[in-house]
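Welcome! Have a look at the chain below, and then we will walk through a few parts of it together.

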Amino acid sequence: MRSWGVLGGLAAALAAGVYVLWGPIAQRKRRRRGLVPGLLNLGNTCFMNSLLQGLSSCPSFIKWLEEFTAQYKTEQNQSTEHQYLSLTLLHLLRALSCQEVTEDDVLDASCLLEVLRIYRWQISSFEEQDAHELFHVLTSSLEDERDRQPRVTHLFDVHSLEQPEITQKQISCRTRGSLPPVSNRWKSQHPFHGRLTSNMVCKHCEHQSPVRYDTFDSLSLSIPAAVWGRPLTLDHCLHHFISSESVKDVVCDNCTKIQAEGSLNGQSIENQRTTFVKQLKLGKLPQCLCIHLQRLSWSNQGTPLKRHEHVQFNEFLIMDIYKYHVPVHKSSQSDLNQKNSEETKPGTKDGVAVKPSDAEQTHGTKSLIMNGACSTSFLMSSGAFSLAAFPECSSPVYLYRLMAVVVHHGDMHSGHFVTYRRSPPSSKNPLSVSNQWLWISDDTVRKASLQEVLSSSAYLLFYERVHSKVQHQRLELRAEE
């Protein structure tokens, strides 16, 4: 009997050890078909889990990470991989998009917090954090990692020196001129990188000041005041973002020059101050568009409040109206026009296409199209946008498809982040886009409908640009050239 007791004790100890190391068998079940792995909540880390699920639904971002980390694969010391944010992020996103073999239904993303600490970001998993702030931490850290790479092609980097853009003439010795160009993977920005333009025009003489460019990783949109009887839409937020404003008492050099030319006997002329109209536009639209809806507001007493209004958004979004186009009649900006020719819609005359007030009052087919309410029936199986099948779209150049939505439940002091995202494409057709949506809350994953996604109170929206058949043909021609 005593031996049986010893055996029973050993069996109990072994079972306890298995439970501690691998958890209960029910929690280690294999992932159901059509779903993606969930992420373990390490203590208020839902902000990180929701963002990772959203990023893993953007194939262009994963592809960029693969190209970005290609040089690390040649390194002999594999123990240093955990020091690179790009590699750590790539492994997580590939696993969450089912591109890496894993049978576990729950993954641990603590490695991301560890590598961010190496990058001097101290993110506590026991305090309330924001998914949008973490997004900027990741993009800025990736830019820092890219900037630490060599700026000049190494002479022993045979692969880079054999690239077509580096000819024998470029690498020959010379006394003047620039250094050999950097390899494309270090020059290219991440797919969320875009540029904003700030344009000021004098209302008196219509003189335009030089255009200023600022970079952005996400568009942070304020939610305008709701109008009774009219729903809030994403277009309302975008129009509010680029709406023009008057800036008074600004010195106009052109008005001063005109006044001086008309003066007699060389009289001294004071600087002419007029009113300028400031217009904000999108100078360069990214491949992956992240839109942040600002739900933080302040009461009259100065306390933070959360705005719970539902902002309508759609599966498809056309951004042509928000794109800045260089005026063709300005000869002084011909170089800039040539630089942005690939981003300019053919036949577009001016950046001021439609005033915000006019666009908001527009009702009918074109307004619905601008709100992204295009049917999925005109999308080809390969993801290309068929213009001929939907003539009302007026040949959009900047068409985006919704890939993920991050939602915050709760108030400004406490809450929980969840994610709606597309299911990864099947292995048989990896270039396709799945129409199956998933709802993910940390380690809980279930299927969802598109109607449920569109009715959610969005906090972050992730869109990917869809190229038309015509654009695909142009890209192929450029590649052949």
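**A first stop: Thr256**

Let us begin with Thr256, a residue of helix H11, which covers residues 253-261. Keep in mind that this is a predicted model. Is Thr256 buried or exposed? Thr256 has a relative accessible area of 14%, and because buried means under 20%, Thr256 counts as buried.

- The side chain of Thr256 reaches the backbone oxygen of Cys252 at a distance of 2.9 Å.
- Leaving aside residues up to four places away in sequence, Thr256 touches Glu270, Asn271 and Gln272.

**The chain as a whole**

- How many helices and strands does the chain have? Its secondary structure comes to 16 helices and 18 strands.
- The chain has 481 residues, and buried residues make up 42% of them.
- Take the contacts between residues at least 6 apart in sequence: 71% of these join residues at least 24 apart.
- The accessible surface of the chain comes to about 27200 Å², and carbon and sulfur atoms account for 53% of that surface.

**Strand E9 and its partners**

- Strand E9 spans residues 288-294 and is mostly covered, with 6 of its 7 residues buried.
- Strand E5, made of residues 219-222, pairs with E9 in the parallel sense over 4 bridges.
- To find this pairing in the picture, look for Ser222, which stands opposite Gln294 of E9.
- E9 is also joined to strand E18 (residues 458-466), by 5 bridges, and these two strands run antiparallel.
- Which residue of E18 is the bridge partner of Leu289? The partner is Tyr463.
- A handy idea for looking at any sheet: in a regular strand, side chains alternate between the two faces of the sheet.

**Salt bridges**

Here is the background for this topic: side chains of opposite charge can pair when their charged atoms come close.

*Within a helix*

- Arg117 forms a salt bridge with Glu114, and the closest N and O atoms of the pair are 3.0 Å apart.
- Both Arg117 and Glu114 belong to helix H5 (residues 110-118), where they sit 3 residues apart, about one turn of the helix.
- Why do both partners count as partly exposed? The class lies between the cut-offs of 20% and 50% relative accessible area, so Arg117 belongs there at 30%, and Glu114 belongs there at 47%.

*Between two strands*

- Asp249 forms a salt bridge with Arg273, with the closest N and O atoms 3.8 Å apart.
- Asp249 lies in strand E7 (residues 245-251) and Arg273 in strand E8 (residues 273-284), so this pair ties together parts that are 24 residues apart in sequence.
- Both Asp249 and Arg273 are exposed.

*Between a loop and a strand*

- Glu315 forms a salt bridge with Arg422, and here the closest N and O atoms are 2.8 Å apart.
- Glu315 lies in the loop between strand E12 (311-312) and strand E13 (316-318), while Arg422 lies in strand E15 (residues 415-422), so the pair ties together parts that are 107 residues apart in sequence.
- Are Glu315 and Arg422 buried or exposed? Glu315 is buried, and Arg422 is buried too.

Terms used
Residues are numbered from 1 along each chain as its sequence is written. This is a predicted model: local features need pLDDT of at least 70, side-chain atom pairs count only at pLDDT 80 or more; totals for chains, interfaces and linings use all residues. Side-chain values use heavy atoms; hydrogens and water are left out. Buried means under 20% relative accessible area, exposed over 50%, partly exposed in between (1.4 Å probe, protein chains only). Two strands pair if DSSP finds at least two bridges between them. A salt bridge is a side-chain nitrogen of Lys or Arg within 4 Å of a carboxyl oxygen of Asp or Glu. Contact means heavy atoms within 4.5 Å. Accessible areas come from the Shrake-Rupley method with a 1.4 Å probe; for residues, only the protein chains shown count as cover. A polar contact is a pair of N or O atoms within 3.5 Å; within protein, one must be able to donate a hydrogen and the other to accept it, and residues adjacent in sequence count only if both atoms are side-chain atoms.
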